[in-house]
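Notebook open, model on screen.

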Amino acid sequence: MGNAFGGISKEEKEKRAAELRKNVTMTEHQEELETLLEKLETDGTQGLRSAKASAHFVKFGRNELTPPPQTPWYIKFINEMTGCAVC
């Protein structure tokens with residue numbers, strides 16, 4: 001649910017973040033290096049082989065983060081003109 005200007009409230013953002021954290025369990029940092037390298041099918045000095053890297057690219061896509069949503073310029077303008085600091 002958004003506010004009057006189409007943004008997401010702070011409470012909603014926190015709720016969504018908590019939901020995302022709940023679904024992710026990472027234990028890689030607890031494993032021994034050799035075990036982790038075997039699990040990831042990679043080499044500690046040379047990295048992935050070209051064929052494996054290509055397969056990962058096809059399966060997972062580009063190795064990049066999705067940029068966070070930005071507030072449209074017209075909403076920023078309205079907030080500035082109305083003095084609405086928390087909208």
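I started with E41 and K52, whose side chains meet in a salt bridge at 2.5 Å, N to O. My cut-off for a salt bridge is a side-chain nitrogen of Lys or Arg within 4 Å of a carboxyl oxygen of Asp or Glu. E41 sits in the loop between α2 (33-39) and α3 (50-60) and K52 in helix α3, so this pair ties together parts eleven residues apart in sequence. I noted E41 as exposed at 53% relative accessibility, while K52 is partly exposed at 28%. For these words I use under 20% relative accessible area for buried, over 50% for exposed and partly exposed in between (1.4 Å probe, protein chains only).

A note on the source: this is a predicted model, where local features need pLDDT of at least 70 and side-chain atom pairs count only at pLDDT 80 or more, while totals for chains, interfaces and linings use all residues. Residues are numbered from 1 along each chain as its sequence is written, and side-chain values use heavy atoms, with hydrogens and water left out.

Next I looked at E12 and R16, a salt bridge with its closest N and O atoms 3.4 Å apart. Both lie in helix α1 (residues 10-22), four residues apart, about one turn of the helix. E12 is buried at 19%, but R16 is partly exposed at 42%.

Then I checked E64 and R62, which also form a salt bridge, at 3.4 Å between the closest N and O atoms. E64 is exposed at 53%, and R62 is exposed at 59%.

Overall, I count four salt bridges by this rule. Of the chain's 87 residues, 6% count as buried.

Terms used:
Helices (H or I, at least four residues) and strands (E, at least two) are DSSP runs, numbered from the N terminus.
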